[in-house]
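Subject: Structure for your review

Dear colleague,

Please find the structure below, together with its sequence.

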Amino acid sequence: MMDALSYFTSPYLYNPLNYNPLRVVLEEVVEFERLRREGTIKLFLCATDVRSGKVKVFKADEIGADHVLASTCLPLLMQAVKIDDELYWDGGFSGNPVVFPLVYECKTRDIVMVHLTPAERPEIPFTSHAIMNRMQEIGFNAALIREMRAVAFINKRLEEGKLAEGKQMLIHVIEAEDIIREFPGSSRLNNGWDFLCHLFDVGRERAGEWIDANFDRLGIESTVDLEEKYF
């Protein structure tokens, strides 16, 4: 019902008090102060600046509940999240995921990505609802395709010796495209326990299969052909 309602009205109208139950859960479960204090593992969240359309990357030492909500803010369902006088939507519009912080701020060459948004769908959407969902999927994937093409270009220049400095990135992808493309766009609102358990089981299975097949190649070579997959 909420998914259908979002195409006829605005979250500023049907949720004028801007109540978001996810905020309550985040503040109860996540110790953000500890997260900001302990920098052992680098963490980056990205959001999209509503006014400029540019990507904004938040680092672990500044992340709070607002930053998480901003990085997941679907504009048809939620009001834009305000941080330091700027308004933000889901980071997927500008970086899905954003890769460049891992290139410039991390020493490792390996990047392991987990695909959540279907890249391809065999059927053509005809209803306005299906068309809107597919438009969002294409928009989210476009940001990733641009970054992967840039990584492939830099890698090739380094291999050819045409760049004096830089590090060749090794890209890896864990996905379940055959399963997630069968889910309707409205599945992003499905918080049923059985569905979440199903996603967990599928993710664990596919990750285990990927580790068994590719773990020994980490640090040595990419396990995905960037040109074939993203060009």
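A salt bridge here is a side-chain nitrogen of Lys or Arg within 4 Å of a carboxyl oxygen of Asp or Glu. This is a predicted model, in which local features need pLDDT of at least 70 and side-chain atom pairs count only at pLDDT 80 or more, while totals for chains, interfaces and linings use all residues. Residues are numbered from 1 along each chain as its sequence is written, and side-chain values use heavy atoms, with hydrogens and water left out.

Salt bridges

The structure holds 13 salt bridges. One of them joins the side chains of glutamate 137 and arginine 121, at 2.7 Å from N to O. This pair links distant parts of the chain, 16 residues apart: glutamate 137 belongs to helix H7, and arginine 121 to the loop between E5 and H7. Helices (H or I, at least four residues) and strands (E, at least two) are DSSP runs, numbered from the N terminus. For accessibility, buried means under 20% relative accessible area, exposed over 50%, and partly exposed in between (1.4 Å probe, protein chains only). Glutamate 137 counts as buried because its relative accessibility is 9%, and arginine 121 is likewise buried, at 18%. Arg121 and Glu137 also belong to a network of salt bridges that links them with Glu123 and Arg134.

A further salt bridge is formed by the side chains of arginine 23 and aspartate 66 (2.8 Å, N to O). Arginine 23 lies in helix H3 and aspartate 66 in helix H5 (residues 65–71), so the pair ties together parts that are 43 residues apart in sequence. Arginine 23 is partly exposed, with a relative accessible area of 31%, as is aspartate 66, at 27%.

The side chains of glutamate 38 and arginine 34 also meet in a salt bridge, at 3.3 Å from N to O. Glutamate 38 is partly exposed at 39% relative accessible area, and arginine 34 is partly exposed at 42%.

Alanine 119 is found in the loop between strand E5 (110–114) and helix H7 (128–159). With a relative accessibility of 43%, alanine 119 counts as partly exposed. Leaving aside neighbours within four places in sequence, its contacts (heavy atoms within 4.5 Å) are Arg134, Asn141 and Glu177. The C-alpha atoms of alanine 119 and glutamate 177 are separated by 7.6 Å, although the two are 58 residues apart along the chain.

Backbone geometry

Which peptide bond is cis, with omega near -5°? The bond is the one from asparagine 96 to proline 97, and proline 97 is found in the loop between E4 and helix H6 (100–105).

Asparagine 18, a residue other than glycine, has a positive phi near 55°. Asparagine 18 lies in the loop between helix H2 (11–14) and helix H3 (21–29) and counts as partly exposed at 39% relative accessibility.

Aspartate 85 is not a glycine either, yet has a positive phi of about 70°. Aspartate 85 is placed in the loop between E3 and E4 and counts as exposed, at 59% relative accessibility. Aspartate 84 is found in the loop between strand E3 (81–83) and strand E4 (86–90), and counts as exposed at 72%.
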